[in-house]
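Subject: Structure handover

Hello,

Here is the structure I said I would pass on. Please look it over first; my notes come below it.

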Amino acid sequence: MLRLPQEWFARLRPRYEGKRVCITGGAGFIGGHLVDALLSLGSSITVIDDLSNSTAAHLAGLIDIEPERVRFIHGSILDDAALVQAVEGAERVFHLAAVSSVPRSIADPERSYTVNVTGTMRLAEAARRAGARRIVYSASSSAYGQGERLPKVETDTPAPVSPYAASKLAAEHIMLAWAASYGLSTVSLRYFNIFGPRQPADSPYSAVIAVFARKLLEGKAPIIFGDGGQTRDFTYVSNAVLANLLAGSSERALAGEVVNIGAGARIDLLTLFRKIAEQCGVGHIQPEHQPSRAGDVRHSLADLSRARELIGYEPVVALDVGLAETIAWYKEQWAPEAGGAGARARR
Ligand SMILES: NC(=O)c1ccc[n+]([C@@H]2O[C@H](COP(=O)([O-])OP(=O)(O)OC[C@H]3O[C@@H](n4cnc5c(N)ncnc54)[C@H](O)[C@@H]3O)[C@@H](O)[C@H]2O)c1
């Protein structure tokens, strides 16, 4: 399922084969794909996840196949004892665990802050004490806020407009400070709207492509908040995985740098909606419009110059290819012949 060109696997394998890594949030959407890639590259993996926004189903399947190389700690990044176990022996730590949604952060800002900021600080401490060489932190382009200027460049002044964005930005600063104070190598990858197979579609907090696909496959009209003219740099999950693999293994002395990770192209929600409706075979369905939501930004697009220069990142899967793969996966999950909508979702 993961679409990384073979040449990348060949290049990355020597950097990861036989090495232990820790992945926080590895039961989640992006983390699960990173686990898959690192397993293919020959790493041994410890995942810590409290399953607050995921299930252990995907990991359980991997543990069945590779019991020696996949270890799962069902625990929180707020729990120091669990963290000690999670980072033990890991040269690299990929930090993805977070309360990962803007609406959820608006409903419960303290929870977002505690997990995303205090949790990150505890993880950084555990990694440092265990002698890890690098933390690759999953940051968010939401840090840029509403600024009009496009594309977003890492030197732009951050202006978070939601508790989620504020917490993700604060954790970037932890990465910077732990590099400066303790010499721990760190890097923050600011993702721009990641999508792909296994992204949950059954929660009010789900990401837009997942929600559109689910509704359309049920023959219902999805909701677009606002006029649909808002644009996003939708980025297929393989690109985010590649960025992690490159950042985790770069020979550069990374010390808290912030790096945009996107596809480097943007699309408005109405055009995206039509593409998905056609692929779902319901081109006649029109979206329902509702007022814009608090905390949503109007336009977003990544400048990838720093990603190219610093870690050699280049998006390898374009939007249309990623969309086709994603819709095919949702069809398999949600089509009536699969046992009814939702019957096999979130496996
Ligand atoms: N998906 C995107 O478009 C996107 C964009 C920008 C940044 N990010 C960041 O990337 C990371 C992964 O995002 P995702 O889309 O895979 O989200 P996700 O919610 O699927 O994954 C996050 C995982 O963290 C786990 N988790 C939550 N609180 C925890 C805790 N206290 N201890 C241990 N585990 C905990 C959840 O159970 C979940 O499995 C997050 O840090 C998110 O903020 C994602």
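The model is predicted, so local features are reported only at pLDDT of at least 70 and side-chain atom pairs only at pLDDT 80 or more, while totals for chains, interfaces and linings use all residues. Residue numbers start from 1 along each chain, as its sequence is written. Helices (DSSP H or I, at least four residues) and strands (DSSP E, at least two) are numbered from the N terminus.

Ligand shell

The ligand is surrounded by 31 residues, where a residue counts as near if its C-beta atom, placed from the backbone, lies within 6 Å of the molecule. The closest are G25, G28, S54, A97 and A98. Two or more residues each come from α2 (29–40), β2 (44–49), α6 (109–129) and β5 (134–140). The most come from α2, which gives 3 residues. By class the shell has 15 nonpolar, 13 polar and 3 charged residues. Here Ala, Val, Leu, Ile, Met, Phe, Trp, Tyr, Cys and Pro count as nonpolar, Asp, Glu, Lys and Arg as charged, and the others, Gly among them, as polar.

α2 and α9

Helix α2 also packs on helix α9 (residues 237–249): their axes come within 9 Å and cross at roughly 60 degrees. The two helices are therefore oblique. Axes are lines fitted to C-alpha atoms, for helices over the stretch in contact, and angles run from 0 to 180 degrees between N-to-C directions. Oblique is what remains after roughly parallel (under 35 degrees), roughly antiparallel (over 145) and roughly perpendicular (65 to 115). The crossing of α2 and α9 is right-handed, that is, the near helix is turned clockwise from the far one by less than a right angle. The contact (C-beta atoms, placed from the backbone, within 7 Å) is made by I30, H33, L34 and A37 of α2 and V237, A240, V241, N244 and L245 of α9. These residues divide into 7 nonpolar, 2 polar and no charged.

α8 and α12

Helices α8 (208–217) and α12 (residues 319–334) pack at an angle of about 45 degrees, with axes 10 Å apart. They too are oblique to each other, and their crossing is right-handed. On the α8 side the contact is made by I209, A213, R214 and L217, and on the α12 side by T326, I327, Y330, K331 and W334. By class, this contact has 6 nonpolar, 1 polar and 2 charged residues.

How much of α8 is covered? Of its 10 residues, 10 are buried, meaning that 20 or more other C-beta atoms lie within 10 Å of a residue's own; 12 or fewer count as exposed, and anything in between as partly exposed, with C-beta atoms placed from the backbone. The buried residues include R214 and K215. What covers them includes β7, α10 (269–279) and α12. After α8 comes G219, whose phi is positive, near 75 degrees.

Backbone geometry

A cis peptide bond joins L150 and P151, with omega about -10 degrees. P151 sits in the loop between β5 and α7 (163–182).

Which residues have a positive phi although they are not glycines? L51 is one, at about 60 degrees, in the loop between β2 and α3 (57–65). R198 is another, at about 75 degrees, in the loop between β7 (194–195) and α8. L51 is partly exposed because it has 14 C-beta neighbours inside 10 Å, whereas R198 is buried, with 24 other C-beta atoms within 10 Å.

Two buried residues

P163 is in helix α7 and counts as buried, with 22 C-beta neighbours inside 10 Å. Leaving out residues up to four places away in sequence, P163 touches S105, I106, P109, S112 and Y113.

Y313 lies in the loop between α11 (305–311) and α12. With 25 C-beta neighbours inside 10 Å, Y313 is buried as well. Its contacts, again without residues up to four places away in sequence, are L242, A243, L246, I261, L304, A307 and R308. Y313 and A247 are 66 residues apart in sequence, yet their C-alpha atoms are 8.6 Å apart.

Regards
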